[in-house]
Amino acid sequence: MTVRIWEHCRAATMQPSVPYGLVEDAAVAVRDGLIEWAGARKELPHALRDACIQLHDCGGALLTPGLIDCHTHLVYGGDRAHEFELRLGGASYEDIARQGGGIVSTVRATREASEDQLFCQAARRLRELADEGVTTLEVKSGYGLALEHERKCLRVARRLHGARGVSVRTTFLGAHALPPEFAGCADDYIGEVVRMLPALHAEGLVDAVDAFCERIAFSRAQTQRVFEAARSLGLPVKLHAEQLSNSGGARLAAQFAALSCDHLEWLGDEGAKAMAAAGTVAVLLPGAFYFLRETRLPPVGLLRDHGVPIAISTDCNPGSSPCTSLLLMMNMACTLFRLTPEEALAGVTRNAAQALGLADRGTLAAGLRADFVLWDAKQPAQLAYAIGANPRRQTVIEGQVQ
Ligand code: DI6
Ligand code: FE
């Protein structure tokens, strides 16, 4: 039995016992890519110390679970800097979308790009996220909007798996926007989405299914058709819900036991109750809120009252959140949404794992994957506190130092 031990650390285990699940002067023992034991160093079993082949002295530094970015649109072509200029000149995000810009302009650039070009661009974004301690990443399709191009994007996402050791989970977001060739025929396009899904699933490209339920995107009835197709294949669902209006998407998603509902600025009481009952995670995306200069805050108090777990993510995408810093999102979740730094850290670890349906990571506990990050920090709150700093010292994924 070969064991590696990290010791003399302050471990924010994120177990929901004490704040941050903090263990002072902790030790974490790793075997075969999994955490064999985590706890106070003095209680480390002798047999593990005897079997240790590599000892890491952390010098009192902070150790957390690897960070999980549970909502990204990492694979896309081009950029939307010009639309940023237009919005600064007074145009709204919805105006630009209605005039054929917005998501559809990224669809054009994504269709024109080759698989290798998309891979190189997305790999760079992955590196930027990994540099800040991301060890698991969700990647959505949704800028191809036709079988061959959705396939291309999902294949890129699958190829990214393992880059810098990062785990990549894929989500099919065919119902992201109406492609120009289906203008005025949204129901027909949903028919196409429902046909694409089994083909992509059969190729092993889909871990979950998402949709954009909004007045500028798809209705509840159309979203429901996509969810039924997912259910018939045994695939879990997620939803972009209540971002720009209270469309009732969260209630619908809860009926399908969705893993998560994301955005949620306009979520109401009924939606929150339904999510709590279904065990659906609320994924908050402060980057999109900030970048679109939204003023409607997500109802954090309501989520807390109903016990809905809150996750935080970058929403990395070219239109509403061109962001590859999960640490910045933690800061913004606190400053803009008034989360506590502990909620922010739970939002990129334990609750983000739940939003992806991954029970094997997200906290530091025996039996889970040995994915963790050592930081040049003492207090866990330092991660959410600093703006533009990157205190990552070392990332370990499945027990391997990256
Ligand atoms: N909501 C968003 O914030 C992104 N997609 C979505 O459904 C925006 C995507 C874009 O503007 O390109
Ligand atoms: Fe999104």
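A cavity is a set of points, on a 1 Å grid over the protein atoms alone, where a 1.4 Å probe fits but cannot get out. The model is predicted, so local features need pLDDT of at least 70 and side-chain atom pairs count only at pLDDT 80 or more, while totals for chains, interfaces and linings use all residues. Residues are numbered from 1 along each chain as its sequence is written, and side-chain values use heavy atoms, with hydrogens and water left out.

**View 1. The space taken by ligand 1 is the largest cavity.** A molecule sits in a cavity if more than half of its atoms lie within 2 Å of the grid points.

**View 2. The shell around ligand 1 has 14 residues, with Arg80, Tyr93, Tyr143, His176 and Ser320 coming nearest.** A residue is near a molecule if one of its heavy atoms lies within 4 Å of it.

**View 3. Polar side-chain atoms lie beside ligand 1 at His176, His263 and Ser320.** A polar contact is a pair of N or O atoms within 3.5 Å. His176 lies 2.8 Å from a nitrogen atom of the ligand. Oxygen atoms of the ligand are 2.7 Å from Ser320 and 3.4 Å from His263.

**View 4. Glu7 and Arg49 form a salt bridge, with their closest N and O atoms 2.9 Å apart.** The term means a side-chain nitrogen of Lys or Arg within 4 Å of a carboxyl oxygen of Asp or Glu.

How values were computed: Chains are lettered from A and ligands numbered from 1 in the order in which they are written. A polar contact is a pair of N or O atoms within 3.5 Å; within protein, one must be able to donate a hydrogen and the other to accept it, and residues adjacent in sequence count only if both atoms are side-chain atoms. On a 1 Å grid over the protein atoms alone, a cavity is a set of points where a 1.4 Å probe fits but cannot get out, and a pocket is an open set with protein on both sides within 12 Å along at least five of seven lines; lining residues have an atom within 4 Å of a point.
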